[in-house]
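The following explanation is intended to be read alongside the sequence and the coordinates. Please keep both in view while following the text.

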There are 2 protein chains.
Amino acid sequence: MKKEIPYKIYLEESELPKQWLNLRAFMKKKPAPLLNSQTLQPMTQAEMEEVFCSELARQELDDTTPYIDIPAEIRDFYKMYRPAPLVRAYCLEKALGTPAKIYYKFEGNNTSGSHKLNSAIAQAYYAKEQGLKGVTTETGAGQWGTALSMACSYFGLDCKVFMVKCSYEQKPFRREVMRTYGANVTPSPSQTTEVGRKILAEFPGTSGSLGCAISEAVEAASQLEGYRYVLGSVFNLVLLHQSIIGLETKAALDKYGVKADIVIGCAGGGSNLGGLISPFMAEQLEGKAKYQFIAVEPSSCPTLTRGKYAYDYCDTGKVCPLAKMYTLGSGFIPSASHAGGLRYHGMTTTLSELYEQGLMEARSVEQTKVFEAAEQFARVEGILPAPESAHAIRVAIDEAMKCKQTGEEKTIVFGLTGTGYFDMFSYEKFHDGKMQDYLPTDEELSASLEKLPKI
Amino acid sequence: MKKEIPYKIYLEESELPKQWLNLRAFMKKKPAPLLNSQTLQPMTQAEMEEVFCSELARQELDDTTPYIDIPAEIRDFYKMYRPAPLVRAYCLEKALGTPAKIYYKFEGNNTSGSHKLNSAIAQAYYAKEQGLKGVTTETGAGQWGTALSMACSYFGLDCKVFMVKCSYEQKPFRREVMRTYGANVTPSPSQTTEVGRKILAEFPGTSGSLGCAISEAVEAASQLEGYRYVLGSVFNLVLLHQSIIGLETKAALDKYGVKADIVIGCAGGGSNLGGLISPFMAEQLEGKAKYQFIAVEPSSCPTLTRGKYAYDYCDTGKVCPLAKMYTLGSGFIPSASHAGGLRYHGMTTTLSELYEQGLMEARSVEQTKVFEAAEQFARVEGILPAPESAHAIRVAIDEAMKCKQTGEEKTIVFGLTGTGYFDMFSYEKFHDGKMQDYLPTDEELSASLEKLPKI
């Protein structure tokens with residue numbers, strides 16, 4: 001007899017995964033290596049260590065070890081907010097009248113409000129282990145900066161955050177959360193770095209971009225004794241840490257004998273989606289199961305659906321390594337009308353390669369439709385989603401409605417990456433009917449893609 | 001052998017309490033009855049029903065039934081966010097270097113962000129059962145209004161919220177959360193009610209008060225066909241619903257063989273504290289155990305520590321019943337420098353009577369000390385507390401530090417009622433060194449208490 005499935009499946013603390021899953025180890029054709037932006041040769045461990053913590057550099061370069069132990073100190077921190085619940089969306093199913101079974105993995109049950117903490121605590125731990133004084137980073141919507149400030153506070157590390165200026169101004173309360181955790185927050189571009197001053201001189205009125213904030217954070221780390229740069233998405237080391245999302249999700253489903261048909265996640269740089277799908281994709285790559293994977297991105301920043309698979313710069317200042325990825329060009333900045341995160345111009349190399357191989361689908365969705373889904377979900381499931389997470393909700397609802405038409409009882413699993421408490425500014429625009437959709441024109445995209453480096 | 005205690009104790013869904021505990025039924029000397037503000041006679045069921053939902057009126061008047069069944073529909077909703085975790089504060093203990101064992105019941109794991117949802121969903125359910133179209137209410141800091149809007153959205157009820165004007169203006173994002181759940185939010189005092197217009201005429205620049213918003217909400221309900229007034233604290237029916245906090249806490253402790261020595265909660269109107277202590281106090285009243293209970297209130301609104309035990313009005317417009325309670329006088333408004341909630345002039349009759357009988361202690365704390373505790377807690381335990389909740393943290397830390405001096409290994413349990421995401425305005429003041437403490441002078445309190453009704 002099958003066990004009755006509760007509203008929320010909580011794994012026991014003892015069931016918390018003891019290893020992360022390194023998805024690249026399961027791929028026959030690996031993602032292309034990072035290249036040194038000066039020499040255009042594959043990055044070496046030594047070169048990586050100039051910018052990144054040693055152990056994190058090792059993890060970034062390791063595409064063969066399938067499982068990597070999670071240190072006990074990180075597991076202890078995880079225990080404060082993990083295992084995260086896998087929720088059966090009974091109320092949403094009922095509201096939709098769908099025969100589909102919908103599950104979501106909720107990662108917003110921690111003060112940083114998102115899944116970003118899973119990697120932040122790991123990166124802070126390795127920085128501490130290396131005897132560093134502090135770390136620098138960038139943040140856009142603010143979730144990563146918040147998570148990192150919490151993690152650094154826990155390990156007693158200094159934390160310097162470059163926050164994209166428009167977000168710094170629109171979200172003063174995000175900044176205050178970071179200050180509560182003792183972080184130093186600077187609006188980017190700033191006068192504190194050479195690259196910041198250069199950008200400000202060229203574009204005096206700029207409201208900043210993620211690519212620019214990355215360059216500033218990298219420069220700041222290089223100028224300070226005992227500091228390294230850390231980052232919250234795009235790199236494979238982040239996907240590695242985020243695999244805990246997928247591992248818990250799969251363990252919870254397995255516990256109740258449930259097999260997913262569709263796995264859906266929102267995709268900005270790709271950390272949450274990559275983490276969620278990791279164990280499912282690994283199983284599929286081993287020929288043991290078959291799933292439908294869907295990456296959801298904003299139509300205002302359509303990296304997978306309208307970008308190009310090519311080597312590109314990861315940041316505006318071109319100080320980071322080059323990555324072969326789906327990209328809109330490192331100069332691409334989404335319309336100012338775009339709400340929330342998911343505004344990075346590229347996509348992590350692993351997901352880019354999987355998409356190129358046809359192992360994953362991608363959909364782009366317009367933000368008014370995203371906020372409609374967010375509100376519908378909030379009203380029945382009781383969780384106020386972040387705009388980023390609501391991209392996955394949108395497609396989960398769309399897929400559930402298809403099941404209603406066909407009568408199929410598919411099992412849909414999606415990642416609910418975080419809460420929207422600091423995004424009410426955008427919700428307000430939506431409520432007041434002032435939210436607009438903006439799709440970049442073909443000409444805009446072509447102009448941006450023309451500037452890709454010739455490699 | 002004792003089981004090792006995890007960071008978070010989650011009860012199973014099947015362990016969710018099936019009944020609320022009615023603390024008054026365990027008291028030999030009961031709280032004094034509510035009086036009709038016109039006749040000064042005890043309120044009857046019929047009189048109560050003019051303002052309140054019938055079943056809620058029955059619950060308010062029932063001081064003899066020890067346990068009351070939780071309807072299945074309410075339990076289903078509870079399952080979306082309950083049982084709530086009881087957290088062992090290992091990290092805080094370590095940071096303090098105390099031999100004390102600290103536990104906190106975390107009620108912030110739902111989108112409304114606080115314990116208020118426990119009663120909101122119950123009240124919305126009974127309103128729906130009665131066939132009402134909608135409900136009206138007041139909200140100060142905004143937690144109750146948010147919770148009620150979620151609950152009404154779930155049951156398809158209309159929800160009209162009168163939000164104290166200074167809070168409405170300071171917390172636009174709270175308002176947007178309520179709008180996301182479909183509520184109608186009006187700043188109080190407003191021109192939409194007679195009592196609002198009267199107060200605005202008398203005090204044109206007023207930033208509002210809870211007592212005034214209550215009067216407006218009661219009047220609005222009486223003017224609308226199919227509406228009743230509901231409220232989030234002070235009344236015993238709310239304590240009844242909030243007993244779920246204490247019942248789960250006690251069940252979780254019992255499961256691990258842990259006996260609490262001190263139980264601490266913040267106290268505004270008294271709903272959270274009353275709910276938390278209910279099963280412990282019931283046990284003590286039955287002579288089966290002994291606990292130290294501590295109510296923590298802001299020194300800027302010192303109801304228990306500096307108020308008077310007397311009959312008083314519950315609202316500014318004097319439309320609600322009179323209650324015998326510890327009060328600062330219904331005209332008392334805490335200093336504008338006071339952050340967050342806990343600003344009500346009175347205290348629920350049950351807690352007032354228990355305090356009067358010497359069964360509970362009370363402490364008042366200054367807000368700069370409260371925010372210090374909040375930040376210290378956030379940095380090690382990873383949860384950003386609401387200012388209200390941080391009152392309990394302050395005293396829990398103080399008690400733990402006493403244990404450090406004496407070497408006692410006391411078990412301290414406190415209620416962490418909610419999260420502070422919408423209170424970053426106050427955190428910012430604290431970070432910038434602009435937060436001040438304000439204690440009402442003896443003269444101010446005397447002037448307010450002189451106006452108590454002569455009963």
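The structure is a predicted model. The same surface serves both copies, since 100% of the contact residues of chain B recur in chain A.

Within chain A, helix H10 comprises the 14 residues 210-223. At 1.5 Å a residue, this helix should span 20 Å, and its end C-alpha atoms are 20 Å apart, so expectation and model agree. Of the 14 residues of H10(A), 11 are buried, and the helix is therefore largely enclosed by the rest of the structure. The buried residues include Gly211(A), Cys212(A), Ile214(A) and Val218(A). Among them are also Ser215(A), Glu216(A) and Glu219(A). What covers the buried residues of H10(A) includes helices H1 (45-51) and H9 (194-202) of chain A. The cover also includes strands S6 (134-139), S7 (158-164), S8 (184-188) and S9 (227-229) of chain A.

A further helix of chain A, H11 (residues 236-255), contains Lys250(A). Is Lys250(A) buried or exposed? Its relative accessible area is 14%; because buried means under 20%, Lys250(A) counts as buried. Leaving aside residues up to four places away in sequence, Lys250(A) touches Pro279(A), Phe280(A), Glu283(A) and Tyr291(A).

Methods. Residues numbered from 1 in each chain as written. Chains lettered and ligands numbered in written order. Predicted model: local features only at pLDDT ≥ 70, side-chain atom pairs only at ≥ 80, totals over all residues. Heavy atoms only, no water. Helix = DSSP H or I, 4+ residues; strand = E, 2+ residues; numbered from the N terminus. Buried < 20%, exposed > 50% of the residue type's maximum accessible area, 1.4 Å probe, protein only. Contact = heavy atoms within 4.5 Å. Expected span 1.5 Å × (residues − 1).
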